[in-house]
Amino acid sequence: MRTLLFLLRKEFKQIFRNKSLLPMIFAMPMIQLLVMPLAADYEIKNINISIVDHDRSPYSQQLISKITASGYFVLADFGDSFDAAFQQIEEEKSDLILEIPEGFERNLVRENREKLFIAVNAINGTKASLGGAYLNQIIQNYNAEVRLDWIDPYRYNPIPQIEVASSNWFNPFMNYRFFMVPGILVFLVTMVGAYMSALNIVKEKEIGTIEQINVTPIKKYQFILGKLIPFWIIGIIIFSIGLFFVARIVYGIVPMGSIFLLYGFLAIYLVALLGVGLLISTYSDTQQQAMSVAFFIMMIFLLMSGLFTPIESMPGWAKVIAYSNPVSYFIEVMRMVVLKGSGFQDISKYFLIMIGFAAFFNTWAILKYRKTS
Amino acid sequence: MVTLENISKTYNEGALTAVDKVSFEVKKGELFGLIGPDGAGKTSIFRMLTTVLLPDGGNASVNGLDVVTGYKEIRKQVGYMPGKFSLYQDLTVEENLNFFATLFNTTVKENYDLIKEIYVQIEPFKTRKAGKLSGGMKQKLALCCALIHRPTVLFLDEPTTGVDTVSRKEFWDMLKRLKVQGITILVSTPYMDEATLCERIALIQSGKIMSIDTPAAIIKAYPEPLFAVKSEKMSVLLQDLRKQESVKSCFAFGEYHHLTFQENSPEVQPSLRKNLEKLGHAAIELKEITPTIEDCFIQLMNH
């Protein structure tokens, strides 16, 4: 016990003495948590549109002003040549072209129908599909308005219509930050925890201090605990700063569920994660090797965790990877507890899975770690 | 105290033999030197004896404990100073010492008398980080850390490599004083001139022990008379000497070339001198000398 305490003291001394590591551990996650949710925005605004109006009638004017007033579109170009508009797309000045044919108003009034042409630049897929969808919605609204103008509701029977009213549960205003911030917090705790623990033990190998440690009667468990506990504590501190300062004060996110439940899960999650770091370090001899392996594993863990794209829409093989990834479960639990207020009953399954991960990675790492080569 | 019996170690799945059936014994309280060039297998032997490397064959024991089965006990009883400085560079002198004392379940105070003499020299810098110490001071600190648990056997792997001459001399003086305390010391070094400072030495080359004895006995065992030659043009002289039929071997050795003759008859010296003069060498000096450990090493290596 005395040995372990001394090991911990030594470890903290080294961490606090490292002038570049300390800001890296605490400041970087906070900066990232402030910046990343603002950038990882699913709502697309400021789509540049070029309108080619061959008609120049009051109706076409009405449609154009409706589009520009929606807030989603910025009128990049207005003219009467499709080729000129296409040039705009080629120069990346415009994302969409709406072509209004000649005789738009006349045909609409006389024939009761008219066609519009939309050309979308699909290089940026998200922007293209959302932009196209927004534009379609605006045109349909416009169409409905035109019909209302023409049909006298008292003379004719109203046309039967199904109207859908939706309400968003757990996140009524569809604020994507409520969804992203807890996930990104998991992401940051994961990165710092895995990298720091993997690099720390390898550093002892690289510098050669492990050689001196190995000839002492220190027990294997003492050495490993001495390495894991500091990063376990640092992980909890980072999570707390992120949850109580950045998420609450900056984004106004207050967990709906129990804070204790979150911390309980975090405690087990960190054990599993540090086990991964320990495992990487037992297989590496230099910090460079450890960094490369950790980077490879973290990329997979983070991109296949359901943070950015839902796991349900992944192909089968990707789902297998996502479900064998501890990060997925923590993100899921975070969102359930923070947004939905899930209780222990709802996430008990995830607790068991995470305990399994913790046992698996740590057992593997401890079996692999040898004081003798 | 330390016994090795046919101990072997190979690397790269047997492709490289680092230690080849090495056997020797170090007696209690002895200052034993393992002398050999870089890559001779010294570090591998030390790492096996300190239980951090498993031997591929043979037996070895330290204090009567087998290095494979009794490793837990051995680790409590021995002190090891690796060739590479292996203390925490970001901890201070004092913190390093306290840290290693704690790992061995002891305190600096308890064994202060053992390290006192060495520690007082680095005490003025006790709040300095170990990484900021000079080479000689680093080595003193490493020795203190290896001694802090009062080991009965001390393993020092190339302690004087990369240390200046004055510090090297000081270091050997320290070792002699430790020996008085009854500590068995195993030291390895690539410097042949340090061999005579040990009580007994083992000469090692390519993983094989060539000779084990006291330095004096090894020198005495040198099989033939050895001569030193010097002239004005040393590099030409070396080539000319090697061409002489009467010369058996000739090596550059600092200021002189050391040589042995095929036959040691009384007329061989004057005739060599005459031949050299014919080849245009001036100020020739030729004398019989007592061999050094290095001469013995070269002689053993070539046979």
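How many residues does the contact take from chain A, and how many from chain B? Chain A brings 19 residues to the contact and chain B brings 23 residues. Please keep in mind, as you look around, that this is a predicted model. Here is a friendly tour of the contact, of how chain A is laid out, and of a span in chain B.

**The side of chain A that touches chain B**
- Helix 1 (2–17) and helix 8 (209–214) of chain A each provide at least two residues of the side that touches chain B.
- Helix 1 of chain A gives the most to this side, with seven residues.
- By residue type, the side of chain A that touches chain B has nine polar, six charged and four nonpolar residues.

**Domains of chain A**

**Confidence in chain A**
- The average pLDDT of chain A is 86, and 94% of the residues score at least 70.
- Among the elements of chain A, helix 10 (residues 259–283) has the highest mean pLDDT, at 94, while helix 6 (residues 125–150) has the lowest, at 81.

**An annotated span in chain B**
- In an unreviewed entry, UniProt lists residues 2–231 of chain B as "domain: ABC transporter".
- Residues 2–231 of chain B are 31% helix and 29% strand, and the end C-alpha atoms of this span lie 47 Å apart.

Definitions and conventions:
Residues are numbered from 1 along each chain as its sequence is written. Chains are lettered from A and ligands numbered from 1 in the order in which they are written. This is a predicted model: local features need pLDDT of at least 70, side-chain atom pairs count only at pLDDT 80 or more; totals for chains, interfaces and linings use all residues. Two residues are in contact if their C-beta atoms, placed from the backbone, lie within 7 Å. Helices (H or I, at least four residues) and strands (E, at least two) are DSSP runs, numbered from the N terminus. Ala, Val, Leu, Ile, Met, Phe, Trp, Tyr, Cys and Pro count as nonpolar, Asp, Glu, Lys and Arg as charged, and the others, Gly among them, as polar. pLDDT is the predictor's confidence in each residue, from 0 to 100. UniProt positions are given in the numbering used here, feature names are shortened, and annotations may be inferred rather than shown by experiment.
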